[in-house]
Amino acid sequence: MACGNGPAAGAHQLSDLTWTSASNGWGQVEKDMSNGDNQSGDGRTITINGATYAKGLGTNAFSEIVYYLGGACTSLTTDVGVDAEAMGRGTVAFQIWKDGAKVADSGVLNAAAGVKHLTADLTGADELHLVVTDGGDGNNSDHADWAGPVLTC
């Protein structure tokens, strides 16, 4: 997992790494499951518009997850979207930040938008921030998934 300044060389499922901090608009940030309800570990299989994922992070807007990279990583690829448990509701936007600069943005997504793929250049970054906003309409039903995120170092 971690080696000296950041993750070891290679490709890592982000949910297998330990974050520096995590905050969530409803319940807990969940590893390898959807946000679920208000308790830790109460999520379901990550599902975006019928596509399921064994690995990922389940959140609810507004959320922010921070990872320390120590300059050791080069990129993050991930699918994002509103989880099926939101039952067609929810409006969110996903952002990837590198040392205070936004390097990827999904734009506003709703359940009908399906899966969106994001790629971010993280070369030289000390910190990675994964942010989900409420799409401008409050955070009701904003169950947002970082699906299959892979960090390359």
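Predicted model: local features only at pLDDT ≥ 70, side-chain atom pairs only at ≥ 80, totals over all residues.

Q: How many disulfides does the structure hold?
A: The structure holds 1 disulfide. It joins C73 to C153, with an S to S distance of 2.1 Å.

Q: Which parts of the chain does that pair link?
A: The pair links distant parts of the chain, 80 residues apart. C73 is in the loop between strand 9 (63–68) and strand 10 (75–82), while C153 is in the segment after strand 15 (143–152).

Q: Are C73 and C153 buried or exposed?
A: Both C73 and C153 are buried.

Q: And why is the disulfide right-handed?
A: The torsion about the S-S bond of C73 and C153 is about 70 degrees, so the disulfide is right-handed.

Q: Turning to strand 10, which strand does it pair with over 7 bridges?
A: Strand 10 pairs with strand 15 over 7 bridges, in the antiparallel sense. Within this pairing, S75 stands opposite T152. Strand 10 also runs antiparallel to strand 13 (residues 116–121), joined to it by 6 bridges, and there T78 stands opposite L118.

Q: Why is strand 10 largely enclosed?
A: Of its 8 residues, 7 are buried, so strand 10 is largely enclosed by the rest of the structure.

Q: New topic: where does Q95 lie?
A: Q95 lies in strand 11 (residues 91–98). Its relative accessibility is 12%, so Q95 counts as buried.

Q: What does the side chain of Q95 make a polar contact with?
A: The side chain of Q95 makes a polar contact with the side chain of W97, at 3.0 Å. Beyond four places away in sequence, Q95 touches several residues, including K102, H129 and W146.

How values were computed. Residues numbered from 1 in each chain as written. Heavy atoms only, no water. Disulfide = S-S within 2.5 Å. Helix = DSSP H or I, 4+ residues; strand = E, 2+ residues; numbered from the N terminus. Buried < 20%, exposed > 50% of the residue type's maximum accessible area, 1.4 Å probe, protein only. Polar contact = N/O pair within 3.5 Å; in protein donor to acceptor, adjacent residues only side chain to side chain. Contact = heavy atoms within 4.5 Å. Pairing = 2+ DSSP bridges.
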